[in-house]
Amino acid sequence: MSTVTIREAIPADYAAVGALMVRVYVDEGYIRKGSAYADTLARTAERAAESEILVAEVEGRVVGTITVTPPGSAY
């Protein structure tokens, strides 16, 4: 059984987080591939500047993420 680790994202995770966010939103039908919002979701570093980004990691691979934003943020 694999262990899931929840931790704060680091810059090395940002590409994986952005790709995961886009994939989930597109695959679940919330947005269309290539939409302007997909670009926004992919820009993890910008979100990280105003919020806390957590990742779920299994065997060194990001398998989940959540963005926790404070009131009044752009997100």
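Ala56 sits opposite Gly64 of β3 in this predicted model. Strands here are DSSP runs of E with at least two residues, and helices are runs of H or I with at least four, numbered from the N terminus. For pairing, DSSP has to find at least two bridges between two strands. Where β2 turns into β3, the hairpin has two residues between the strands, and Glu59 takes a positive phi near 50°.

Now step back to the whole sheet. It's open, with three strands in the order β1-β2-β3 and antiparallel pairing. β1 (4-8) and β3 (61-68) are the edge strands with a single partner each, so one side of each has no neighbour in the sheet.

What lies across β2 and β3? That's helix α1, residues 14-27, running at about 80° to β3. Such angles run from 0 to 180 degrees between N-to-C directions, with axes fitted to C-alpha atoms, for helices over the stretch in contact (heavy atoms within 4.5 Å).

The C-alpha trace spans about 35 × 30 × 20 Å along its principal axes. Of the 75 residues, 31% count as buried, meaning under 20% relative accessible area with a 1.4 Å probe, protein chains only.

A word on the ground rules: residues are numbered from 1 along each chain as its sequence is written, and side-chain values use heavy atoms, without hydrogens and water. Local features need pLDDT of at least 70 and side-chain atom pairs 80 or more, while totals for chains, interfaces and linings use all residues.

Note on methods
Buried < 20%, exposed > 50% of the residue type's maximum accessible area, 1.4 Å probe, protein only.
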